[in-house]
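Please look at the sequence and the structure first.

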Amino acid sequence: MKRGWLYLFIFAVASWVLLGKLYPALIPSIGETLSFYSRVGVNEVLNATVLTFYHSFTGFLIAFALVGLSILLSLYSGELKAFFSALNVFLQSVSVLVWTIIFIMIFGVTSPIAPILVTAMAAFPALLSAGISSSENLLAKYRPLVVLARPSKLQLYWHFIVPGTLPEMVSASRVALGIALRISVVAEAFGSAGGIGYQLVYSYDLGLKDGVFAWALLLIVLMITLDQLILRRLELWVRRWYW
């Protein structure tokens, strides 16, 4: 696993250097890109990073809460369960660009609500698919026990569905958070007063090629760090705890 990351790092650096030699007017060198951070200052980098994380995690938490509510309501009615299944398919068919434009039209270009809601709409289908399938599998596997215990819908949800679907939901959260982080940057690029996506477009508009590469590099490093150091370890811990 570690060797794979080493090979990828060597490949990425070699590709960057090669492209820099082939297209010196378009591709900045690694040194130029890294020096961009010192030019803009630590505060600017931190502010953009914190704002992007705020948009991503808030949107993810909204999506996670809506999925929990959807699964709970599905226990009370088969019609609601069919509705949420259809809603999941519908949301997966709507482009992020459409959500971005709609929410910017409603809340304005500089509002932080637009990137948060776009992120929530993008993360919701990934979480809902995992939540619906894992809860259905769980109920099918332990149906005789549920029939024997005869819990209320709320007891079934809190004491059976929530702990029983936790490993699958943690795995889905890892995917959904990755989606949230990528999508929030796109939403920031179209309408936001800050964040990594905003800084990327701002650098592009000013013709700062080192700025474009520096903000893109920062986003890639943040996503890999978040996934490998936190989300992946959390997923492995939950699965070891269960099995």
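Gly164 is partly exposed, at 26% relative accessibility (buried is under 20% relative accessible area, exposed over 50%, partly exposed in between; 1.4 Å probe, protein chains only). This is a predicted model: local features need pLDDT of at least 70, side-chain atom pairs count only at pLDDT 80 or more, and totals for chains, interfaces and linings use all residues. Residues are numbered from 1 along each chain as its sequence is written, and side-chain values use heavy atoms, with hydrogens and water left out.

**Gly164**
- Gly164 lies in helix α8 (residues 153–164); helices are DSSP runs of H or I, at least four residues, numbered from the N terminus.
- Gly164 and Phe83 are 81 residues apart along the chain, and their C-alpha atoms are separated by 23 Å.

**Ser74**
- Ser74 belongs to helix α3 (residues 42–76).
- Ser74 is buried, at 17% relative accessible area.
- The Ser74 side chain reaches the backbone oxygen of Ser70 at 2.7 Å.
- Beyond neighbours within four places in sequence, Ser74 is in contact (heavy atoms within 4.5 Å) with Leu80, Lys81 and Phe84.

**Helices α9 and α10**
- The axes (lines fitted to C-alpha atoms over the stretch in contact, with angles from 0 to 180 degrees between N-to-C directions) of α9 (residues 166–190) and α10 (residues 196–205) come within 6 Å and cross at roughly 50°.
- That makes α9 oblique to α10; angles under 35 degrees count as roughly parallel, over 145 as roughly antiparallel, 65 to 115 as roughly perpendicular and the rest as oblique.
- From α9, Val185, Glu188 and Ala189 meet Ile196, Gly197, Tyr198, Leu200 and Val201 of α10.

Methods
Helices (H or I, at least four residues) and strands (E, at least two) are DSSP runs, numbered from the N terminus. A polar contact is a pair of N or O atoms within 3.5 Å; within protein, one must be able to donate a hydrogen and the other to accept it, and residues adjacent in sequence count only if both atoms are side-chain atoms.
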